Amino acid sequence: MDPTNHPATGSTGTTLHPAEGSLIHARGLIKRFGDFTAVDGIDVDVRRGEAFGFLGPNGAGKSSTMRMIGCVSPPTAGVLEILGLDPRRDGPRIRAKLGVCPQLDNLDLELTVRENLTTYARFFGIARKEARRRADELIEFVQLTERADSKVEPLSGGMRRRLTIARALVNQPEIVLLDEPTTGLDPQARHLVWERLFRLKQQGVTLVLTTHYMDEAEQLCDRLVVMDGGRIVAEGSPRTLIERYSTREVVELRFDTAGQEAYADKLAGIGERLEVLPDRILLYVADGDAATAEVQRRSLSPAGVLVRRSGLEDVFLHLTGRTLVD
Amino acid sequence: MVTLVMPRLISFEGTGRRAASVTERNIATLRSAYWVVMISGFLEPVLYLLSIGVGVGALIGDITLPGGEVVGYAEFVAPAMLAASAMTGALSETTFNFFGKMKFVRLYEGILATPVRPIEIALGELAWAMVRGVIYSAAFVVIMTLMGLTTWARAVVMLPATFLVGLAFGALGMAVSTIIRSWQDFDLIAGGQFALFLFSGTFVPPTAYPDVLRWLIEVTPLYRSVDLVRALSTGTLGWLQLVDVLYLLALLAAGLTIAGRRMAKQLCK
């Protein structure tokens, strides 16, 4: 590749942020579509080598943010720097260093698995021979060796997703953007994708992903932000978010009678917070066993008791609410 | 060094290479079935030439060109068929196929995540359309010459002219494809294309029409193309052909600009 194209040596007058080590730096970033504000002034810093997650319900602004970072959607306002460059001016140079795995696969259905990779490599100006070498290597990495010469059409969802991930790696990117990488995949396929992403992370590749799967975020992300309505409502590591926005444990109580609400008063005072759902009551507590003992002391006899550790899902639902957003 | 100093905003560094990678993608999709499409596209103008140029031409006799030269009817029709086939070749790739790639298979979304820019996709697709157009044109020119409808020397000059015709129509086709909304709109395009084919001085000189219609015909892109190719084919080149060339160049520039801008607007929201 043209050495003058390297972000570290290009003299375009844009500032690098070596001190902060921020690969992605956003301040007051806004994206509007007409009257609709998809992203409403967010601040983000992604450091080299970390796995950073955007969590949020549908319509929270995750994908819009990812498209801005991918330099295919110009920001409406605010500061956005990627690898120290300005996406408005240096789109092609930034995209040369990014790998993008979009939410909906847009593989080339007219080409084979291998051709999808070699052709894509050519868009980055990679020499044909090198493109073939990388294609073979990546096909092996995502375990598609047996399907290398198959067309894309008959591949399963999981295989297509793996091919999309392989395609995102063909230019040996510094940052890989993954928009809901495992949505719609079966459990086996999800675990294979996670395992491959974890390997990438170990190799020092910076991962930026969106998801609404809490287990995915807990598995993969070093740090994450929770988005809701275009804003960031919480930020931190999965551990700190759970500590800050939830309790250590959650007790789930199921009562046989139709109305769970009737028990809410009787349970008052146990734990920090109580939530009534149609089929169960959640007690957010520091010590699940102690809380269960207190429930029994009050002569309440739930049909089912489940004590579990608090997870990101509890944080997420607490922050973004249980209302269905479409 | 120049590229380091020049503002990035107007940088065209690497544009040719990136556009070529888009053309290369299309070449990679070539499969045996494509040759059937190629043959039918090539046969069409040949059949018109034989049926109308030679067949109907036998009833019509000779035609007098605007400059006063008298040519046989087949000689009159053949360059028009050549220009029309350059148009068809370019449009078939840049309308239907281009529209499908942009709106339905989301091919360009994937490409735009790489350093390739919208205008470079447009250039690459146009180059691809030209590959097909040039094959049609070259084959047709050979047939024309073998039939004694032009000379080999003129045939050689006609090829770059048909290339320009293809570029202009290809760019126009792409611009139109970024504007239309649905597959149904292609019926309008096909209708318009057929009207151009019939009335752009192809089978009848525009002087045969009333003044208003004649004026209308003479501003259409296919008429300007036919005029250019016919002048080269019959050896009746004049200043008017400079107008044709400038017209087609302007169409090419406008088409590409519109296509590039509208693609950016639709795909990079």
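## Chain B: overall fold

Helices and strands here are DSSP runs, a helix having at least four residues and a strand at least two, numbered from the N terminus. On that basis chain B of this predicted model contains 11 helices and 2 strands. Their order along the sequence is α-α-α-β-β-α-α-α-α-α-α-α-α. Chain B has a radius of gyration of 20 Å, close to the 18 Å given by the globule rule for 269 residues, so the chain is as compact as a globular protein of that length.

The C-alpha trace of chain B spans about 60 × 40 × 35 Å along its principal axes. Of the 269 residues in chain B, 44% are buried. When contacts in chain B between residues at least 6 apart in sequence are taken, 77% of them join residues at least 24 apart.

## Chain A: overall fold

Chain A has 11 helices and 13 strands. Its C-alpha trace extends over about 75 × 45 × 35 Å along the principal axes. Buried residues account for 44% of the 326 residues of chain A. For contacts in chain A between residues at least 6 apart in sequence, the share that joins residues at least 24 apart is 69%.

## The contact between the chains

Chain A gives 27 residues to the contact, and chain B gives 26 residues. On the side of chain B that touches chain A, the elements giving two or more residues are helix H1 (2-5), helix H2 (15-28) and helix H5 (107-112) of chain B. H2(B) supplies the largest share of that side, 6 residues. Sorted by class, the side of chain B that touches chain A holds 11 nonpolar, 9 charged and 6 polar residues.

## Helix H2 of chain B

H2(B) has 14 residues, which at 1.5 Å a residue should span 20 Å; the C-alpha atoms at its ends are 20 Å apart, in agreement with that value. The buried residues in H2(B) are B:Arg18, B:Ala19, B:Ser21, B:Val22, B:Arg25 and B:Asn26. Viewed down the axis of H2(B), these buried residues fall within an arc of 150 degrees, so they line one face of the helix.

The cover over the buried residues of H2(B) comes from both chains: it includes helix H3 (113-123) of chain A, along with H5 and helix H6 (118-146) of chain B. H2(B) also gives 6 residues to the side of chain B that touches chain A.

## Helix H10 of chain B

Helix H10 (residues 221-234) of chain B also has 14 residues. From first C-alpha to last, H10(B) reaches 20 Å, close to the 20 Å expected at 1.5 Å a residue. H10(B) is mostly covered, with 13 of its 14 residues buried. Just after this helix comes B:Gly235, which takes a positive phi of about 70 degrees.

## A:Arg308 in strand E13

A:Arg308 lies in strand E13 (residues 304-309) of chain A. The residue has 11 C-beta neighbours inside 10 Å and therefore counts as exposed, the cut-off for that class being 12 or fewer.

Apart from neighbours within four places in sequence, A:Arg308 is in contact with A:Glu249 and A:Val250. The C-alpha atoms of A:Arg308 and A:Glu249 are 5.7 Å apart in space, while the two residues are 59 residues apart in sequence.

Conventions. Residues are numbered from 1 along each chain as its sequence is written. Chains are lettered from A and ligands numbered from 1 in the order in which they are written. This is a predicted model: local features need pLDDT of at least 70, side-chain atom pairs count only at pLDDT 80 or more; totals for chains, interfaces and linings use all residues. Two residues are in contact if their C-beta atoms, placed from the backbone, lie within 7 Å. Ala, Val, Leu, Ile, Met, Phe, Trp, Tyr, Cys and Pro count as nonpolar, Asp, Glu, Lys and Arg as charged, and the others, Gly among them, as polar. A residue is buried if 20 or more other C-beta atoms lie within 10 Å of its own, exposed if 12 or fewer, and partly exposed in between; C-beta atoms are placed from the backbone. The expected span of a helix is 1.5 Å times one less than its number of residues. The arc is that of the directions from the helix axis to the C-beta atoms. The radius of gyration is taken over C-alpha atoms; the globule rule is 2.2 Å times the number of residues to the power 0.38.
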